[in-house]
Amino acid sequence: MNAEETNGRTGRTGVAVVTGAGSGIGRAVTRELLRGGWSVVLAGRRAQALEETAEKAGGDTLIVPTDVSRPADVEALFAATVGRFGRVDLLFNNAGTSGPGGVPVEELPYEAWRHVVDTNLNGAFLCAQAAYRQMKGQSPQGGRIINNGSVSAHVPRPRSVAYTATKHALTGLTKSLALDGRPYRIAVSQIDIGNAATEMTERMRAGVLQANGEIAPEPVMDVADVARTVRHMAELPLEANVQFATVLATGMPYVGRG
């Protein structure tokens with residue numbers, strides 16, 4: 001697919017790159033985009049997990065094993081995408097890690113901090129930079145980048161300094177990219193997600209540390225609801241943008257957290 005196609009009233013499909021596509025939110029978003037007629041490039045560290053996502057979803061896919069913290073991997077990802085499809089219309093910047101949970105800040109190893117920063121922040125920057133270059137130079141010009149933030153981009157959980165710092169930084173990355181992308185029809189937005197039911201949030205049902213020191217279970221929501229929100233954002237015409245969206249389990253401790 002070498003050009004944008006229309007899809008109903010809101011009007012856009014095309015070629016999407018989804019990082020972290022091997023599980024969780026990335027897998028759900030990949031499936032939803034494929035159902036909507038997108039061609040999807042699946043990126044992630046585990047080739048087998050990417051293949052499982054593609055097999056279950058069907059549709060027009062390309063699998064590119066990628067460690068987003070490595071510049072050469074990211075360069076190869078976008079080269080493969082353009083080589084196959086000719087352009088990039090959407091980047092869902094989703095790959096991320098929570099790092100070691102529940103570790104007091106004074107005990108957090110530097111290596112653990114660096115791993116979270118390299119994946120969540122540096123990886124998001126590298127992918128956005130590569131997408132930006134392609135979107136700026138292609139014809140028709142432009143495209144959309146959606147960064148996966150978190151409710152931790154607004155308020156922290158206890159003992160989550162590395163994850164929270166990177167998610168706050170992603171908000172700054174989103175705003176700066178959105179501003180710089182205006183002249184080139186590059187729309188940049190962020191979705192902040194709270195307690196979508198994935199492997200990462202399974203522990204929420206059993207109980208997690210709260211700001212008052214108690215352990216309490218938290219509600220979760222269907223990850224498909226997140227995927228539908230991402231697709232809605234993705235399929236808006238480039239003249240419209242959901243700058244920030246927060247999608248969370250209704251009863252989770254977010255408003256008033258901390």
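**Questions on the sheet and its helices**

Me: What is the mean pLDDT of the chain?
Reply: This is a predicted model, in which local features need pLDDT of at least 70, side-chain atom pairs count only at pLDDT 80 or more, and totals for chains, interfaces and linings use all residues. Residues are numbered from 1 along each chain as its sequence is written, and side-chain values use heavy atoms, with hydrogens and water left out. The pLDDT is the predictor's confidence in each residue, from 0 to 100. Of the chain's residues, 94% reach 70 or more, and the mean is 92.

Me: How many contacts does the stretch of residues 1-10 have beyond near neighbours in sequence?
Reply: Over residues 1-10 the pLDDT is below 50. Contact means heavy atoms within 4.5 Å. Beyond near neighbours in sequence, the number of contacts of this stretch in the model is 27.

Me: Which strands are the edge strands of the sheet?
Reply: Seven strands form an open sheet with parallel pairing, in the order β3-β2-β1-β4-β5-β6-β9. An edge strand pairs on one side only, which here applies to β3 (61-65) and β9 (244-248).

Me: What is the average twist from one strand to the next?
Reply: Axes are lines fitted to C-alpha atoms, for helices over the stretch in contact, and angles run from 0 to 180 degrees between N-to-C directions. From one strand to the next, the twist averages 15 degrees.

Me: Which strands does helix α3 touch?
Reply: Helix α3 (residues 71-85) packs on the sheet. The direction of α3 makes about 160 degrees with that of β3. The strands touched are β1 (15-19), β2 (39-44), β3 and β4 (90-93).

Me: Through which helix does the chain cross from β5 to β6?
Reply: A crossover is right-handed if, with the strands pointing away from the viewer, the path from the first strand over the helix to the second runs clockwise. The β-α-β crossover from β5 to β6 is right-handed, and β4, α4 and β5 also make a right-handed unit. The helix between β5 and β6 is α5.

Me: How many residues of β5 are buried?
Reply: Buried means under 20% relative accessible area, exposed over 50%, partly exposed in between (1.4 Å probe, protein chains only). One face of β5 holds Gly-143, Ile-145 and Asn-147 and the other Arg-144, Ile-146 and Asn-148, with both faces covered. The strand is mostly covered, and the buried count is six of six.

Me: With which side chain does that of Gln-134 make a polar contact?
Reply: Gln-134 is found in helix α4 (residues 110-137) and is buried, with a relative accessible area of 19%. Not counting residues up to four places away in sequence, Gln-134 touches Val-82, Gly-86, Arg-87 and Val-88. A polar contact is a pair of N or O atoms within 3.5 Å; within protein, one must be able to donate a hydrogen and the other to accept it, and residues adjacent in sequence count only if both atoms are side-chain atoms. At 3.0 Å, the side-chain partner of Gln-134 is Gln-138.

Definitions and conventions:
Two strands pair if DSSP finds at least two bridges between them. Helices (H or I, at least four residues) and strands (E, at least two) are DSSP runs, numbered from the N terminus.
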